[in-house]
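The questions and answers that follow concern a single predicted model.

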Amino acid sequence: MKKLIFIFLGALFLLSCSRNNDNVELKPVNDNSSNGRNIIFMIGDGMGLAQISAARTVNGDELNILRCKHIGLVSTRAADKYVTDSGASGTAYSCGEKVNFYTLGIDTEGNPLTNIFEIISPLGFSTGLITTDRITGATPAAFYAHQPDRFKFELIALDILHKDIDFFAGGGRDNFDNRSDSLNLIDSLTAEKYQVVTNLSGIEGDKKVAALLYAGEPPKMSENRGDMLSSALTVALNRLSRSEKGFFIMAEGAQIDWAGHDNDQEYLLKEMADFDKAVGVALDFAQTDGNTLVVILADHETGGYALVDGDAASNTVVGEFVSNQHTGIMVPVFAYGPGAENFTGTYENNEVFYKFLNFLGVKKNN
Ligand code: MG
Ligand code: ZN
């Protein structure tokens, strides 16, 4: 098995997390504290305990994630496979059922499942999706799509058109405007009363937001993605916290998983730092707001990553990967805010859905 050893200098690492001038300024998000019940659901795709431990060490033993005092463990397996994927595990979180590998929003018989956005949006909750993947990637798509194949991005893009998502941001613009069927879904989004922007600083007014920030996959942090994740979350919180009923935002650190597939520790640590920065934005909002539950977890672990050595004094870790695929280990859950105590203990991934509905005071209507 390939053995990767990287020595990391904490100072250099911090310097590398520089700002991207293309993105909007981070502003305080608590100028209009909400009255409703809010959930900020943060998914670190592929983020196991070793990934969190490594990020903590290279950051001087501190992480925003570790501000949470309520911690649990989630079993992630799919209906038909011990080791899951983001489609099946994302669907468990969004729809409350274990489903088959590579599927999105459909049960094991192929019937569409009602997802949490479809339940709470008609009740007046605002909804948001943010990802460092394509917006058509499996993790965000679990919150709007009903498809048997998570890789059919063009079909998945069609599924977002008639949903009532108030804010979404990520890559994958080519699935909307450069399609094999020549349809122009940007026009369709505009007709659905969205403002479609390619830069967060272009957002204005009260219209729903479709921020298609990259033609394809968003770049890595090391390729200058900058503050996209934290900035998009800040903008979404500013807008969605106007909802009197409350809001649900899912924000994903997608490339923690991609770094695991690549067995690339340097890539992994930069993506972990970016995700943890966004977690800080979520926790700061929740801390001031008082009505916001923040839940941080993974859909599965990726890479079978382990720490075989390290040095706390120099903020360095030595990691190894045993796989370039997902693994079946339980993943940690961190919760903060009202209702956080309900996320302690051990449970299956699909139970998270019912914990969310419970917190929002909503029942599944079928
Ligand atoms: Mg993902
Ligand atoms: Zn993966």
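Q: Are threonine 139 and glutamate 252 buried or exposed, and how many residues apart in sequence are the parts that this pair ties together?
A: In this predicted model, both threonine 139 and glutamate 252 are buried. Because threonine 139 lies in helix 5 (residues 138–141) and glutamate 252 in strand 7 (residues 247–253), the parts that the pair ties together are separated in sequence by 113 residues.

Q: Which term describes the site of the zinc ion (ligand 2), given the angles among its four donor atoms?
A: The zinc ion (ligand 2) is coordinated at 2.1 to 2.3 Å by Asp257 (OD), Asp257 (OD), His261 (NE2) and His326 (NE2). Four donors count as tetrahedral if all angles lie between 85 and 135 degrees. The angles among the four donor atoms of the zinc ion (ligand 2) run from 57 to 153 degrees, and the site is irregular.

Q: What is the handedness of the crossing in which helix 9 passes helix 11?
A: The axes of helix 9 (residues 228–240) and helix 11 (residues 265–289) come within 8 Å and cross at roughly 20 degrees, which means that helix 9 is roughly parallel to helix 11. Residues of helix 9 including Leu229, Leu233 and Leu237 take part where the two helices meet, as do residues of helix 11 including Phe275, Val281 and Phe285. The crossing in which helix 9 passes helix 11 is right-handed.

Q: Which residues of helix 11 make the contact with helix 2?
A: Helix 2 (residues 49–58) packs against helix 11 at an angle of about 80 degrees, with the axes 9 Å apart, so helix 2 is roughly perpendicular to helix 11. Helix 2 contributes Gln51, Ile52, Ala54, Ala55 and Val58 to the contact, and helix 11 contributes Leu268, Leu269 and Met272.

Q: Which residues is serine 94 in contact with, leaving aside its neighbours within four places in sequence?
A: Serine 94 lies in helix 3 (residues 86–95), and its relative accessible area of 0% means that serine 94 is buried. With neighbours within four places in sequence left aside, serine 94 is in contact with Thr114, Asn115, Ile116, Ala142, Phe143 and Phe353.

Q: Which residues is glutamate 192 in contact with, leaving aside its neighbours within four places in sequence?
A: Glutamate 192 is found in the loop between helix 8 (185–191) and strand 5 (194–197), and with 26% relative accessibility glutamate 192 counts as partly exposed. Leaving aside neighbours within four places in sequence, the residues in contact with glutamate 192 are Leu161, His162 and Lys208.

Methods
Residues numbered from 1 in each chain as written. Chains lettered and ligands numbered in written order. Predicted model: local features only at pLDDT ≥ 70, side-chain atom pairs only at ≥ 80, totals over all residues. Heavy atoms only, no water. Donors = N, O, S within 2.8 Å, 3.2 Å for Na, K, Ca; no water. Tetrahedral: all angles 85-135°; square planar, octahedral: opposite > 155°, others 65-115°. Axes fitted to C-alpha atoms, helices over the stretch in contact; angles between N-to-C directions. Helix = DSSP H or I, 4+ residues; strand = E, 2+ residues; numbered from the N terminus. Parallel < 35°, antiparallel > 145°, perpendicular 65-115°, else oblique. Left-handed = near helix turned anticlockwise from the far one by under 90°. Contact = heavy atoms within 4.5 Å. Buried < 20%, exposed > 50% of the residue type's maximum accessible area, 1.4 Å probe, protein only.
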